[in-house]
Amino acid sequence: MNFLDLIWLIPLFPAAGFVINGLFGKRMSKTMVGVIACGLVFISFIFSAGAVYQLLQLDSAHRSHTVRLYEWINAGPAHTSEGPLANFRVDWGFLLDPLSSVMILVVTGIGFLIHIYSTGYMHEEDGYYRFFAYLNLFMFSMLTLVLGNNYVMMFVGWEGVGLCSYLLIGYYFHKKSAGDAAKKAFVVNRVGDWGFSIGIMMIFVTFGTIDFIQVGEKLREGVMAGAFHVGDPLFIGIALALFVGAAGKSAQIPLYVWLPDAMEGPTPVSALIHAATMVTAGVYMVARSNFIYQMAPQAMTVVAVIGAVTAFFAASIGLVQNDIKRVLAYSTVSQLGYMFLALGVGAFAAGIFHLMTHAFFKALLFLGSGSVIHALHHEQDMRKMGALKNKIPVTFWTMFVGTLAIAGTPFLAGFFSKDEILWKAFSSNQGHVLLWLLGAAVAGMTAFYMFRLIFMTFFGESRVDHHTEHHIHESPRSMTVPLIILAIGSVVAGYVGFPAWLGGNNAFEKFLDPVFEPLPIPHGPEAEYSHLAEAGMAAASVAIALIGFGLAYSKYCKRSWEQQREIRQYGSLYPVFLNKYYVDEGYDFLFVNQAKDAGTGLWKFDAAVVDGAVNGSAWTTVEGALGSGWWDRWVVDGIVKFIGGFIRTMSWPLRLIQTGYVQNYALVMILGLLIFIGYVLWGTS
Amino acid sequence: MDYFREHILTIVAFWPLAGMIVLMLFNKENKTLIRWWANFVMIVGFVISIPLWVWFDRDTADQMQFVQNIPWIQTIGANYHVGIDGISLLLVMLTTLLGPLAVLSSWEAIHDRVKEYYVFMLMLQAGMLGVFVSLDFFLFYVFWEVMLVPMYFIIGVWGGPRKLYAAIKFFLYTLFGSVLLLLGILALYFIYPNLAAQHPEVAGRFGTGATFDVLAFQAVASYLPFTYQYWIFLAFFVGFAIKVPMFPFHTWLPDAHVEAPTAGSVILAAVLLKMGTYGFLRFSLPILPDGTKYFVPFMIGLSIIAIIYGALVAMMQPDMKKLVAYSSVSHMGFVTLGMFALNPNGLNGSIIQQINHGISTGALFLIVGIIYERRHTREIAQFGGLSNVMPMYAVVFLIMTLSSIGLPLLNGFIGEFTIIMGALQQNLWWAVAAGAGIVLGAAYMLWLYQRTMLGKIENPANEKLIDMNLRELATLVPLIIVAFWIGLYPAPFFRVLDKPVNNLVLKVRPDYFQGTQRLNAEIREPR
């Protein structure tokens, strides 16, 4: 079977699952719903694996396969900034290349495991079919996002995953907080989409196409012909507009506020959407647009700085959170910051590498936390946990592996990818030692908050209430098996990118090379560093992580957790961290309330001024009519009557003559006749 | 069959009128018969319009098709001239689709004066179809005015508590615009013979005599002096802008919508508003190209204000219907924005968005009507948690909400995206400003959805609500199908629009398809 030509089917399998479960799921058994949902995602996985395998058989220069299904939009000709007319046309098309290969494997592979896990986790929930319908819809959207061969297709998936995120965060729709969080996620993402869509349109107006490959080619030709210049404000504008979208979807400053609230959704959703796949869409998009970013070094600096600062900022909030899922949420924001740091310093492959390893261990950690929550009957507060190590051993050990991986323990997945990023942040032309310092500090903080989580949850004294204590149980196999598989992945996933300084060949980076091929633009001389320097930097970051671990050990393991002590330690910073730097409150004050006030104000304006003008003119007309009626009656009519009266008065002497009697008139006539005759006879002589 | 084909437009437009005359003969007590008959007439009206879609020749979509041109009032040069191009084809189809749905939705809602109600609905349908097929200004104006009367009565007789205020406001507002429109028409009428005499070669087959023929006016458009174009554009603007409605002429709309019965709101939003935008497309743009270009900044400014203003005001409305009404103002702002971008993308998007708005907003009014029939209130605060008791209703509402906020794979996205694309080709900041409307659109619609459908049921009055029945579902399913059709496969719509839109652009900006420079500068300069 030629899987390469069938890649368009990959998103359609889960779409079919959505339709089947959405329409008929209510009448089907839970087993049936689960089998359909998981089975179709598994088929997608098989097709993805087959297609990627066949892609690997091609030589590296030809690893790009496009399938166009039909012409979706053709909105007619348009002027481009280049001059010639170009049709704004969007194909329903798919592109498989090394970058999308990585993404579809991550999405279908980890997605499948999370589907399996969900059959156990959601078993007691109402609306089981609804959950799996949404989850499958998500898979469809996410696969469209990463497989689309143009920006508008990507946008379709982009909005689709946003919708599924909305539906799944609001899954417990009877809870007000869930509804609020869902809406917040969608609206904040919409702000990002605003930037993304403007970016897409600018790309079309600049290049006359929105197809990834064609944009890349046109850019390359333009650079060679001298038509495009590095640092042109146009490219900076496009790159920044796209980054607004990426910041929305991937929860970067200033649009990260929705992600922690998104933890209102069921835990498998947090693992799938808000850790492993959807939130990395921004990273994927920037990596996909790498050619545009190469033309806009200033924008890359913005990306790097925002990434590093977000990583630091979110990690600091994560230090003091007590909700197990919120710790992981801030950790996700922080790790996404790492990925953007990598992209911003031009290490696109390193960013995608971390995206891939992070998908393993973060999905693992979320699912593990779900297993804890499941064991404790929906208790998420770590202050009410402790000493769970022996009660739920599989969960503990797998989560422990995940923690080691994210903390950067040598030779686990997180180590290779994080180290690569930190090294590039320091050594690349776009890098800076300050970026490295921020990144290294985050490595220490990550180790600290992750071990704090482990110690508070699994070690020390039990703070679980007695009623729940009796019912603590390990999760069913449908949940633990995915945990184990992901734990294995968290250990071995890094070896595909075994770095050169350890004697590897960095196969992952080489695989991605064709996608991230540098444009023929002048680069400054790369500074040369020895492998020893790289090893030294790696050792330094490991040492910093060890310090983080040591601090966590001394504060949360040797002595059991105590709220007061923790508050004392941070002093006045504690409420700032705990309340996330009051950013939500700030946004409410600056934007949400302003928009509402503006709405109310304009509504009043509408009623008073605009409508007032209308009603005013109506009133004026009515009053005017009354007035003119009065005028008519008293003035116009008055004058007429006055004249009539005047004439009537003045004419009374005449009226005396005008008697109407014929004999009187006859008398006058005869008198007149006699006067006339007299005058003729006597007057003329 | 040939007879049918040659007279199809007349038959489609006057069929509801014929149905109305038969309906008048019925006994007014026999309400069931009246309802069945009205629904039958409307459905047949839709069925006989399908051949238009099938027979329409896409390759000459910019030419008028199914034309009938018969002398009518010869002393003043008025003809019975009807015909459609791709643009009017879509609007005719929209009207014949929405008419039956609106009538079907009134089955249980209207109990008083049932016969009169359906008489007016059928008359309204004929009037609207007449507007979209007329190619003679005199004929157009007759239909344009005729359709005011039934709408006035539908709001004024079957409306809500403030129905008289709303009806009179609607009537006078529109009439005011119509008078100026008439002045504009007369100005064209009187200048045409002079122009045609000076340029007989462009007047061509229309001759040099007095005429109301729209195509004749279009033919000599480029010789119409700028001063004429300026004033006639302003006169047309008032007439059409009130209908759209554009800011600041929009305040009749929320009142009319809130007071009108459900079917009235549906027709009003889905079809009546399109007459304004259709007027701009058919008359202002091709007959007054220089006037149009001169007023672009003004029109764009008003459009962007409408987009943001409408969205902000919609957000704070306590009444569901008023919220949807204000969202209409915002969406119609997109329509006029795309139109006055004056390029193929903007215009294509603008026309597709007119259809989309008809589908989505029409459906939203039906949805509000369904809950109003059950609870006799539309206040958002009265609801909450309805998806617990009305799951099917919740799904339909969600789909239409998503369509309204422009989610890809549904219709709204296609329109909004191409409109903003067109706007951006003229000016980046137009697009950025319009984008704000999309963010706000998501905010107010999802907030509405959350407050009515999500959460727990707090109000005991909502606990026993029953889900949609088959009839109600039947009014919405066709709209859902079209929403997905346009979202997934809009090609047939673009295909119909492609030629007429390019033709329109060519009329307004003759060098658009030759020039290679950006045309921002050209638009700002009057001749």
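Chain B of this predicted model is divided into two domains, with domain 1 covering residues 1-292 and domain 2 covering residues 295-493. Between the C-alpha centres of these two domains of chain B the separation is 24 Å. Domain 1 of chain B contributes 34 residues to the contact, and domain 2 of chain B contributes 32 residues.

Which elements give two or more residues to the side of domain 1 of chain B that touches domain 2 of chain B? They are helix 4 (86-105), helix 12 (252-259), helix 13 (262-287) and helix 14 (289-294) of chain B. Helix 13 of chain B supplies the largest share of that side, namely 11 residues. In composition, the side of domain 1 of chain B that touches domain 2 of chain B has 24 nonpolar, eight polar and two charged residues.

I turn now to the helix pair. In chain B, the axes of helix 16 (residues 320-340) and helix 20 (residues 428-453) come within 11 Å and cross at roughly 160°. Angles over 145 degrees count as roughly antiparallel, and helix 16 and helix 20 of chain B are therefore roughly antiparallel to each other. Their crossing is left-handed.

On the side of helix 16 of chain B, the residues in this contact include B:Ser327, B:Ser330, B:Gly333 and B:Phe334. Helix 20 of chain B meets them with residues including B:Trp430, B:Gly437, B:Gly441 and B:Tyr444. The contact of helix 16 with helix 20 of chain B comprises eight nonpolar and five polar residues, with no charged residues.

Note on methods: Residues are numbered from 1 along each chain as its sequence is written. Chains are lettered from A and ligands numbered from 1 in the order in which they are written. This is a predicted model: local features need pLDDT of at least 70, side-chain atom pairs count only at pLDDT 80 or more; totals for chains, interfaces and linings use all residues. Axes are lines fitted to C-alpha atoms, for helices over the stretch in contact, and angles run from 0 to 180 degrees between N-to-C directions. Helices (H or I, at least four residues) and strands (E, at least two) are DSSP runs, numbered from the N terminus. Angles under 35 degrees count as roughly parallel, over 145 as roughly antiparallel, 65 to 115 as roughly perpendicular and the rest as oblique. A crossing is left-handed if the near helix is turned anticlockwise from the far one by less than a right angle, and right-handed if clockwise. Two residues are in contact if their C-beta atoms, placed from the backbone, lie within 7 Å. Ala, Val, Leu, Ile, Met, Phe, Trp, Tyr, Cys and Pro count as nonpolar, Asp, Glu, Lys and Arg as charged, and the others, Gly among them, as polar. Domain bounds come from an automatic or database domain assignment.
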